[in-house]
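Have a look at the model first, then read on.

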Amino acid sequence: MLSIALSKGRILDDTLPLLKAAGIVASEDPESSRKLIIPTSHAGVRLIIVRATDVPTYVQYGAADVGVVGHDVLLEHGGAGLYQPLDLGVGRCRMVVATRRGFDWHGSLQRGGRVRVATKYVRIAREHFGAKGMHVDVIKLYGSMELAPLTGLADVIVDLVSSGNTLLANDLVEVETIMPISSRLVVNPAALKLKRAVVQPLLASLAAAVERTHGSAPQRSAA
Ligand code: PRP
């Protein structure tokens, strides 16, 4: 049995059509079902539904063989013990630095004062500001980061932006783009060897589905 770890939300919506193109259809809608293990049309493949931040952990420990996870989550996890063969090109968004409209970010950079950054993405934030030679105080949050600059908890946030509607609705503006983000396929290295007969065709079908969807060859690394 091959287990594929997925998380509910945007990534799931974008991934199910790719899985379908690879011949794997969930027996019920994972978004509305309360089941956490969902059989598929492929007798040897099941979906397991986990929190987005837990996908790398399930795959790392082999509790899932394969997972679909945002590059943001993967960078925070560190990627240890995970083979990352394919960028699925779904769940596209970007990691940004944002602040209150009217906050003089560039002036504050020039003055060189210590900046407070609120984020769920502590590692990405530290690396981004570290690479710029900036010392920042990072405040870890678990959601609703947009509130931090509005309440004085922090000067800026590091967060994901997709449509930009959340920033707009909260009167925040993007002041730096850190990196584009999309979702990756991750594979447990032992599963890649021991379940090669199922994993390799799945990788090939998904790569072909990505190519058909996006019109160009997806980024792959040799397995
Ligand atoms: C993300 C992110 C922003 C929002 C941006 O949150 O943290 O709040 O989406 O999307 P937009 O640019 O299209 O408005 P998500 O909904 O994933 O929930 P989270 O707060 O649990 O991360």
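This is a predicted model: local features need pLDDT of at least 70, side-chain atom pairs count only at pLDDT 80 or more; totals for chains, interfaces and linings use all residues.

## Around the ligand

Strand S9 gives the most to the shell around the ligand, with three residues. S9 covers 156-161, and together with helix H7 (165-169) makes up the elements that each supply at least two residues of that shell. Helices (H or I, at least four residues) and strands (E, at least two) are DSSP runs, numbered from the N terminus.

Residues are numbered from 1 along each chain as its sequence is written, and side-chain values use heavy atoms, with hydrogens and water left out.

Who's in the shell? Residues with a heavy atom within 4 Å of the ligand, among them Arg10, Lys120, Asp159 and Gly164.
|---|---|---|
| Glu146 | polar side-chain atom | 2.7 Å |
| Ser162 | polar backbone atom | 2.8 Å |
| Thr166 | side-chain N or O atom | 2.4 Å |

The protein covers 66% of the 500 Å² of accessible area that the ligand has on its own (Shrake-Rupley method, 1.4 Å probe).

## The ring pair

Searching the whole structure turns up one aromatic pair, meaning rings of Phe, Tyr or Trp (its six-membered ring) with centres within 6.5 Å; planes under 30 degrees apart count as stacked, over 60 as edge-to-face and the rest as tilted. The ring centres of Trp105 and Phe129 are 6.3 Å apart and the planes are at 75°, so this pair is edge-to-face. Trp105 belongs to helix H4 (residues 105-111) and Phe129 to helix H5 (residues 122-131), so the pair ties together parts that are 24 residues apart in sequence.

How values were computed: A polar contact is a pair of N or O atoms within 3.5 Å; within protein, one must be able to donate a hydrogen and the other to accept it, and residues adjacent in sequence count only if both atoms are side-chain atoms.
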